[in-house]
Amino acid sequence: MCGILGVCLDIKATRTFEDMERLKFNFAELLMSSQARGRDAAGAYVVNQNSDVIYFKAPMTASDHIDTDTFWKMLNEYVGENTVAIIGHTRAATTGSPKCNDNNHPIVDLPIIGVHNGVIRNHLELGRKYKKAAEVDSAAIMALLRVKSKNAPMKLGTLADNLHELEGPFAIAVADSRKPDGIFMA
């Protein structure tokens with residue numbers, strides 16, 4: 001199974017430069033610690049209030065990610081006083097090759113972006129109904145939420161009212177880029 005990890009922040013809290021540096025280092029350690037849950041790919045997304053949701057992902061281990069300039073550039077450029085959450089994922093591939101980066105997490109099906117752990121047994125059926133953005137079963141979740149949230153930012157009710165369509169065990173952490181003031185977890 002995959003690993004989901006993250007940090008949710010109170011944007012009203014005052015943070016020093018040292019606090020922010022420690023936060024980035026601690027997130028990197030969390031990602032590394034989650035590597036045992038999945039070594040096929042790793043990625044993360046940053047949710048900043050009133051800004052785009054920024055993400056990175058690649059078919060490499062978390063430890064390899066942490067050694068890249070891209071990882072630290074994302075954290076250093078996009079984690080700041082307006083950061084609401086940093087969500088990470090380590091993938092143990094089930095469906096969909098990790099060599100195709102669309103299958104790696106976070107799954108991006110704009111305006112929805114998210115991570116998933118579990119197995120969605122009816123992902124092929126859901127993919128035909130909602131047009132998945134990737135081969136991986138996780139893409140069915142993001143497609144479902146994209147369609148169900150229509151032309152308005154996703155709300156808790158949208159999530160709660162539609163998860164019954166998913167068959168199989170799952171844990172998710174998703175954001176809606178139209179309203180980047182929080183994340184939804186189920």
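**A walk through the predicted model**

Four strands make up an open sheet, in the order 5-6-7-8, and their pairing is antiparallel. Strand 5 (107-109) and strand 8 (184-185) are at the edges. Each has a single partner strand, so one side of each has no neighbour in the sheet. This is a predicted model.

Now look inside that sheet. Strand 6 (residues 112-118) and strand 7 (residues 170-176) run antiparallel and are joined by seven bridges. In general, the strands of a sheet pair through backbone hydrogen bonds, either parallel or antiparallel.

Next comes the helix on this sheet. Helix 5 lies across strand 5, strand 6 and strand 7. Its direction is at about 140° to strand 6.

The axes of helix 4 (residues 123-130) and helix 5 (residues 138-149) come within 9 Å. They cross at roughly 35°, and the crossing is left-handed. Which residues in helix 4 meet helix 5? H123, L126 and Y130 do. On the helix 5 side, the residues are A140, A143, L144, R146, V147 and K148. The residues of this contact divide into six nonpolar, one polar and two charged.

Turn to the interior. In soluble globular proteins, nonpolar side chains tend to be buried together. Here the largest nonpolar core has 21 residues. Within this core, I141, L145, L166 and V174 touch the most other members. Helix 4, helix 5 and strand 7 are the elements that give two or more residues to the core. Helix 5 gives the most, with seven residues.

What does V174 contact, leaving aside its neighbours within four places in sequence? The list is Y45, I113, G114, M142, L145, M154, I183 and F184. There is also a second, separate core of 20 residues. Among its members are L5, L9, M20 and A44.

Move to another set of strands. Strand 4 (residues 83-91) is mostly covered, with nine of its nine residues buried. Strand 4 pairs with strand 1 (residues 3-8) in the antiparallel sense over six bridges. In that pairing, G6 stands opposite I87 in strand 4. Strand 4 also pairs with strand 2 (residues 41-48), again in the antiparallel sense, over eight bridges. There, V46 has I86 in strand 4 as its bridge partner.

The loops hold some details of the backbone. P106 lies in the loop between strand 4 and strand 5. The peptide bond from H105 to P106 is cis, with omega near 10°. P111 lies in the loop between strand 5 and strand 6. A cis peptide bond joins L110 and P111, and its omega is about 15°.

Two further loop residues have a positive phi without being glycine. N50 has phi near 60° and is found in the loop between strand 2 and strand 3 (54-58). Is N50 buried or exposed? Its relative accessibility is 72%, so N50 counts as exposed, the cut-off being over 50%. K150 has phi near 45° and sits in the loop between helix 5 and helix 6 (156-162). K150 is exposed too, with a relative accessible area of 62%.

Technical notes:
Residues are numbered from 1 along each chain as its sequence is written. This is a predicted model: local features need pLDDT of at least 70, side-chain atom pairs count only at pLDDT 80 or more; totals for chains, interfaces and linings use all residues. Side-chain values use heavy atoms; hydrogens and water are left out. Axes are lines fitted to C-alpha atoms, for helices over the stretch in contact, and angles run from 0 to 180 degrees between N-to-C directions. A crossing is left-handed if the near helix is turned anticlockwise from the far one by less than a right angle, and right-handed if clockwise. Contact means heavy atoms within 4.5 Å. Ala, Val, Leu, Ile, Met, Phe, Trp, Tyr, Cys and Pro count as nonpolar, Asp, Glu, Lys and Arg as charged, and the others, Gly among them, as polar. Two strands pair if DSSP finds at least two bridges between them. A nonpolar core is a set of buried Ala, Val, Leu, Ile, Met, Phe, Trp, Tyr and Cys residues joined through side-chain atoms within 4.5 Å. Buried means under 20% relative accessible area, exposed over 50%, partly exposed in between (1.4 Å probe, protein chains only).
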